[in-house]
Amino acid sequence: MLRLIEPSYEYKQQFIEAIREFQLEGRHMEKDVQRLTADFTSFLAQLQAQQQRRSPYAVPSTDFWLVEHEEFIGRLSLRHELNDFLLKIGGHIGYEIRPSRRRQGYGKKMLALGLAEAHKIGLIRALVTCDENNIGSKKVIEANGGQFENATLVEGSPIRKLRYWIDLTEQRS
């Protein structure tokens, strides 16, 4: 059964394997696999603390892990509110599927589950963004009811962000 769960020590090894997959693509290079392996409990505590974080640069957010049949598939971050940066570029929801599990329909399902979680915390609409060259993510957002608002320039990048709003008033808790 496909479901979103709170990050859990039970998935430590699979999460670390997924980080290694991302790093082969040049992503998540800031994550130290040795440190994660040695002190995964602290990493989980940091994720939990994000739910209360509030500063000019950070908003409260909740991380979820997508699992199926006890396998870690991907990660979704739900931001409870937007600051100026998130309103322009990041949105309420960010998600990623580990490279070995992409192009199998998980993105569409994960975003649908994330939108239900957004509705549970009281959002009535959610902003979801993607890079203009990320055709897969664009299709995922549109399949989940994303209504294109605009494309915005990202400082220092030739790739624009596509901004979509999704109405959550019809979501079920």
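Which residues does Ile141 touch, not counting residues up to four places away in sequence? I get Tyr95, Leu111, Val128, Thr129, Cys130, Gly146, Tyr164 and Ile166, with contact meaning heavy atoms within 4.5 Å.

Ground rules for myself: this is a predicted model, where local features need pLDDT of at least 70, side-chain atom pairs count only at pLDDT 80 or more, and totals for chains, interfaces and linings use all residues. Residues are numbered from 1 along each chain as its sequence is written, and side-chain values use heavy atoms, with hydrogens and water left out.

**Entry: H6.** I looked at helix H6, residues 135-143; helices (H or I, at least four residues) and strands (E, at least two) are DSSP runs numbered from the N terminus. Ser137, Val140 and Ile141 are buried there, buried being under 20% relative accessible area with a 1.4 Å probe, protein chains only. They sit on the same side of H6, because their arc around the axis is only 95 degrees, taken from the directions from the helix axis to the C-beta atoms. Background: an α-helix has 3.6 residues a turn, so residues three or four places apart point the same way. The buried residues of H6 pack against strand S4 (93-97), helix H5 (106-120), strand S5 (125-131) and strand S7 (161-167). I checked Ser137 too: it counts as buried because its relative accessibility is 10%, and it touches Tyr95 and Cys130, again skipping residues up to four places away in sequence. Just after H6, Gly145 has a positive phi of about 90 degrees.

**Entry: H5.** This helix has 15 residues and spans 21 Å from first C-alpha to last, close to the 21 Å expected at 1.5 Å a residue (1.5 Å times one less than the number of residues). Its buried residues include Met110, Leu111 and Glu117. Just after H5, Gly122 takes a positive phi of about 100 degrees.

**Entry: cores.** A nonpolar core here is a set of buried Ala, Val, Leu, Ile, Met, Phe, Trp, Tyr and Cys residues joined through side-chain atoms within 4.5 Å. The largest has 25 residues, and Leu66, Ile93, Tyr95, Leu111 and Ile141 touch the most other members. H5 gives the most to this core, 5 residues. Apart from it I found another core, of 16 residues, among them Val33, Phe43, Trp65 and Phe72.

**Entry: Trp65.** I find it in strand S2 (residues 61-68), and it counts as buried because its relative accessibility is 0%. Its C-alpha is 5.8 Å from that of Pro7, 58 residues apart along the chain.

Notes: Buried means under 20% relative accessible area, exposed over 50%, partly exposed in between (1.4 Å probe, protein chains only).
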